[in-house]
Amino acid sequence: MNQNWHGTLIRHLLLLVTACLLVGLITGDYGWSMAVGLGIYLAWTLKQLLRMHNWLREHKPDEPPPDGYGLWGDVFDSIYHQQRRDQRVHARLQAVIDRIQESTAALRDAVIMLDSDGNLEWWNRAAETLLGLKTPQDSGQPVTNLVRHPRFKDYFEQNNYAEPLEIPSPINDRVRVQLLITRYGNNEHLMLVRDVTRIHQLEQMRKDFVANVSHELRTPLTVICGYLETLIDNAEGMNPRWVRALQQMQQQSERMQALLNDLLLLAKLEATDYPSDNQPVVVSTLLQIIKNDALALSAQRKQRITLSIVNEAKLKGSESELRSAFSNLVFNAVKYTQAEGTIHIRWWDDEQGAHMSVQDSGPGIETKHLPRLTERFYRVDSSRASNTGGTGLGLAIVKHVLLRHRGTLEIVSVVGKGCTFTCHFAPAQVINS
Ligand code: ADP
């Protein structure tokens, strides 16, 4: 109520009181005329209030307010204008929402909004074709009930969405989808889903090609190696230059064999997501065997190799895959550490899970190389690697094996002091005896 209406209201009341006093003067009964006058005013005010109530309750968006006299007319008009302003803002917002919904509906990628508990709130049309969501039945359902792939459940629950997840579509096995989750607002989730079937097929073709070539090269190479061995065994009386050439040929063909074996192992590791067998693996025994092999590999270089087993925890997984991963790390330490250096292998567990580390006193690796070290054929120093006979695939194998065992690889290194490679396994993978 503004100042103007304040004055008018007081004037009206004064007028009413004066009129009542005049009637009182004529009739001689001031009390009654005052009571009747105020009663009439109260009844009129209540009637206006009732009209406003009816209008607010029943009026259609564009219906003008009822005519009101004085202050009540002004109140009706103010409410009406306020409502018109709100309607205009509402219409503008609705237009923006409609445009956003139209554009997201036209997207080929699925956009899904989930609340903080992972229940479906909103999705576009592509989500129906890619994930089979149904409007409106699925609204409010937990997303893990509708996308039932075990890897999705793990991915969703781990709360770390730095990397996208690739799985088959829940409604069509031949369609591969890539899911990417971003958190926003009050811990709500925005999930983007893309059809990556073509990229997946190309990737599959690449893997199959490498696996087939490696497999096909294996037999001829075995024959060549066999003949070279026979020739070297019968090299008496042969020109020493030829013997040297044969020895070099044997060395290189052995390298090729190691390379083919590593390529085939990588192809096998990539073929499935989780290890085929999920047996309890006694890591302490495995590490003891690997340590003995490392001592044999170290031979005259006389490195000091120690093993400390802090706990007898077992790991769920594939023994042969874990052996490949752990021996790659230990043998790398033997290969790259100078004679009489030290190599320390540890196995322990804590509330974060179980851990296996290999620490050496070798030359170390510059920090800039660390992020790329697990890439295939990535080498810090190619001359150093060719001397050691490495294939460049060792750490790629380690990375893949760990991925399949819910593990991660941590590499810490100080140049000139050595490196520590640590495999961390999630508590879900550990069996405490
Ligand atoms: P390679 O077969 O060449 O050893 P890897 O994938 O096992 O291939 O290792 C990649 C590179 O990482 C190696 O070429 C080497 O330069 C470096 N590297 C691995 N382990 C060690 C280590 N313990 N000390 C120093 N460098 C290492």
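This is a predicted model: local features need pLDDT of at least 70, side-chain atom pairs count only at pLDDT 80 or more; totals for chains, interfaces and linings use all residues.
The domain assignment of the protein places domain 2 at residues 107-195 and domain 4 at residues 279-431.

A search of the whole structure for cavities of 30 Å³ or more returns one. The largest cavity holds about 50 Å³ of space. Its lining is made up of Arg206, Lys207, Val210, Leu263, Leu266, Ala267, Glu270 and Arg376. Two elements, helix H7 (197-233) and helix H8 (240-271), each give two or more residues to this lining. The greatest contribution is that of H8, which supplies four residues. By residue class, the lining of the largest cavity comprises four nonpolar and four charged residues, with no polar ones. Among the lining residues are Val210 and Leu263, as well as Arg206 and Glu270.

Helix H8, which gives the most to the cavity lining, also packs against a further helix. The axes of H8 and helix H12 (residues 394-404) come within 10 Å and cross at roughly 20 degrees. Angles under 35 degrees count as roughly parallel, and H8 and H12 are therefore roughly parallel to each other. The crossing in which H8 passes H12 is left-handed.

Note on methods
Residues are numbered from 1 along each chain as its sequence is written. Side-chain values use heavy atoms; hydrogens and water are left out. Domain bounds come from an automatic or database domain assignment. On a 1 Å grid over the protein atoms alone, a cavity is a set of points where a 1.4 Å probe fits but cannot get out, and a pocket is an open set with protein on both sides within 12 Å along at least five of seven lines; lining residues have an atom within 4 Å of a point. Grid points are joined across faces, edges and corners, and a volume is the space filled by probe spheres set on the points. Ala, Val, Leu, Ile, Met, Phe, Trp, Tyr, Cys and Pro count as nonpolar, Asp, Glu, Lys and Arg as charged, and the others, Gly among them, as polar. Axes are lines fitted to C-alpha atoms, for helices over the stretch in contact, and angles run from 0 to 180 degrees between N-to-C directions. Angles under 35 degrees count as roughly parallel, over 145 as roughly antiparallel, 65 to 115 as roughly perpendicular and the rest as oblique. A crossing is left-handed if the near helix is turned anticlockwise from the far one by less than a right angle, and right-handed if clockwise.
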